[in-house]
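This report describes selected packing features of a predicted model.

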Amino acid sequence: MSREMIAILDFGSQYSQLIARRVREHNVYSAICRADITAKELSKGFPFCDGSRNGAQLQVKGLILSGGPASVYDEKAQKCDERIFKLGVPILGICYGMQLGCKILGAQIVAAEKREYGRTNISILDKNDLFANLPDSITAWASHGDQVGELGDNFVRLADTRTCPFAAVRHKRKKFFGVQFHPEVSHTPEGSLILKNFLYDICGFKGEWRMSDFVNEKIEAIRRQVGDAKVVCGLSGGVDSSVVASLIHKAIGDRLVCIFVDNGLLRRSERENVESIFQDHFHIDLRVVDWSKQFLDALKGVTDPQKKRRIIGSEFIEAFKSEASKITNAKFLAQGTLYPDVIESGFGDGNPAANIKLHHNVGGLPAELGFELIEPLRDLFKDEVRVVGEHIGLAEDILWRHPFPGPGLAVRIIGEVTPRRLEILRRADGILIDEIKSAGLYRKISQAIAILLPVSTVGVMGDKRSYEDVIAIRAVETSDFMTADFSKISFEVLGVISNRIINEVQGVNRVVYDISSKPPATIEWE
């Protein structure tokens with residue numbers, strides 16, 4: 001595996017993860033760290049975690065300063081260690097990152113007379129290095145109120161727009177480049193080439209980040225870490241836990257024990273599918289714990305979504321403990337933690353990031369049971385996990401399953417969770433998935449869900465007045481789940497879905513379609 005990497009200093013941009021993902025698309029490993037990480041920390045390199053903290057040491061060969069919501073003159077605005085400009089590695093500043101770098105290196109930042117938000121036309125003035133092999137003019141996505149006002153003698157202007165005279169710059173002596181637009185977003189069609197020029201021609205990367213090498217090294221790392229002990233894996237049947245289970249099974253074989261908790265909140269045939277795939281096909285030691293009565297009893301009368309989640313998390317721990325305690329020589333717990341979870345939870349390994357939220361994939365079980373953690377996917381993004389799954393032979397049906405929340409259908413039932421309401425939603429969800437698959441849309445749609453609303457509406461069924469439940473349908477398309485657009489499903493397909501649900505699901509007389517984007521809406525309703 002490559003021992004080279006790009007470090008991305010995060011100043012609060014909504015696109016920081018997207019920058020990291022775009023870099024990796026060019027076969028260069030990237031990691032996100034806090035904005036004020038010191039030059040000394042960066043010069044030491046980053047450990048590539050294999051769970052045992054004995055992974056490869058990665059050399060930082062370039063830096064990217066992300067965008068951010070603040071002005072560089074705000075007292076509370078995030079700043080960087082100015083000594084990073086003496087490390088000798090190339091630095092690319094994006095939007096706020098450009099403004100901060102330019103300010104540190106002697107330029108003046110001002111409030112723009114006309115702000116730039118959205119698509120803008122960039123005129124390329126210097127087609128060397130950063131803009132090599134690009135046309136004279138490109139379309140790019142801008143989002144800024146401040147910009148460089150006075151450049152000074154130490155910079156070269158590389159590009160401009162109608163309202164921004166310094167849309168891209170290069171320092172004459174330092175290896176610093178700045179762009180006042182966002183090359184990482186899809187709305188900048190030439191952005192990928194700009195990043196490639198920075199990575200290959202300016203930083204000198206060889207493009208050696210390969211998923212096949214990652215898989216082989218991870219399998220060996222798991223074997224070293226586990227020794228002759230057993231590993232317990234909480235298996236949900238989703239992409240992440242399925243890839244984790246298969247990867248660890250390749251490493252240690254029968255010393256992996258998977259536990260699947262049937263909480264009574266599952267989709268149609270969920271338990272049967274998991275048993276068929278992992279027990280019958282892969283021959284993995286799978287223990288199924290039926291805890292559905294305990295979950296439903298605990299959820300009686302509960303309508304608050306956060307309280308639902310707490311109850312479900314607590315019951316999951318009890319169910320998991322009841323089975324895990326029966327497994328002898330079990331010393332490790334495997335989790336499907338991904339890199340976005342690590343970023344949002346804050347870094348370890350001496351590279352902390354701002355704590356946004358805590359992710360406990362299996363409800364804090366390591367502390368409860370005294371297990372040592374194995375998180376073989378914690379350095380990867382979602383689409384990279386799917387590539388790992390392809391390398392180790394997982395079926396397409398598993399790899400491309402739509403995400404399903406840990407609390408299951410409980411957070412897709414707005415209001416109280418009851419057996420009757422679960423059955424209504426389970427049947428409606430099954431019809432939805434059947435029809436988008438039948439229409440050839442399942443892979444195009446990133447996530448499709450049915451939601452049972454806490455209202456009844458009047459209708460006419462069989463010449464009689466009905467007063468029954470409403471099902472909302474939501475389908476979104478996204479590359480990273482940080483932003484999403486609603487899917488433009490044809491009225492014909494939506495009509496079939498609605499007709500089938502109303503006719504086949506007793507208790508429903510109305511179906512509506514959610515056309516909200518993320519943001520401002522989230523993908524799930526609770």
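## Helices α5 and α12

In this predicted model, residues M211, S212, F214 and V215 of helix α5 meet E384, V387, V388 and H391 of helix α12. Helix α5 covers residues 211-226 and helix α12 residues 382-391, and their axes come within 10 Å and cross at roughly 70°. That angle makes α5 roughly perpendicular to α12, since values of 65 to 115 degrees fall in that class.

## Helices α14 and α15

A further helix pair is formed by α14 (residues 419-438) and α15 (residues 491-504), whose axes come within 10 Å and cross at roughly 150°. The two helices are therefore roughly antiparallel to each other, the limit for this class being over 145 degrees. The crossing of α14 and α15 is right-handed.

On the α14 side, the contact is made by R427, A428, I431, L432, D434, E435 and I436. Helix α15 contributes V496, I497, R500, I501 and E504.

## The parallel sheet

Five strands form an open sheet in the order β13-β12-β11-β14-β15, and their pairing is parallel. Strands β13 (285-290) and β15 (372-374) stand at the edges; each has a single partner strand, so one side of each is left without a neighbour in the sheet. On average, and with direction ignored, neighbouring strands of this sheet are turned by 30° against each other.

Within the sheet, β11 (residues 230-234) and β12 (residues 256-262) pair in the parallel sense over 4 bridges. In this pairing, V231 stands opposite L256 of β12. Helix α7 (residues 270-281) packs on the sheet, where it touches β12 and β13. The direction of α7 makes about 165° with that of β13.

## Nonpolar cores

The largest nonpolar core comprises 110 residues, and those with the most contacts inside it are I6, I84, L130, F131 and F198. Helix α6 (residues 239-252) supplies the largest share of this core, namely 8 residues. A second, separate core has 48 residues, including V289, F320, A428 and I473. Among these, A428 also belongs to the residues through which α14 makes its contact with α15.

Which residues does I6 touch, not counting those up to four places away in sequence? They are V23, V28, Y29, S30, A31, G62, L63, I64, F198, L199, C203 and F205. One of these, F198, is itself listed with I6 among the residues with the most contacts inside the largest core.

## Two buried residues

Is I252 buried or exposed? Residue I252, found in helix α6, has a relative accessible area of 7% and is buried, the cut-off being under 20%. Not counting residues up to four places away in sequence, I252 touches I222, V226 and V231. The C-alpha atoms of I252 and E504 are separated by 46 Å, with the two residues 252 positions apart along the chain.

Residue L333 is found in strand β14 (residues 330-334). With a relative accessible area of 0%, L333 is buried. L333 and E372 are 39 residues apart along the chain, and their C-alpha atoms are separated by 6.0 Å.

Technical notes: Residues numbered from 1 in each chain as written. Predicted model: local features only at pLDDT ≥ 70, side-chain atom pairs only at ≥ 80, totals over all residues. Heavy atoms only, no water. Core = buried A, V, L, I, M, F, W, Y, C linked by side-chain atoms within 4.5 Å. Buried < 20%, exposed > 50% of the residue type's maximum accessible area, 1.4 Å probe, protein only. Contact = heavy atoms within 4.5 Å. Pairing = 2+ DSSP bridges. Axes fitted to C-alpha atoms, helices over the stretch in contact; angles between N-to-C directions. Parallel < 35°, antiparallel > 145°, perpendicular 65-115°, else oblique. Left-handed = near helix turned anticlockwise from the far one by under 90°.
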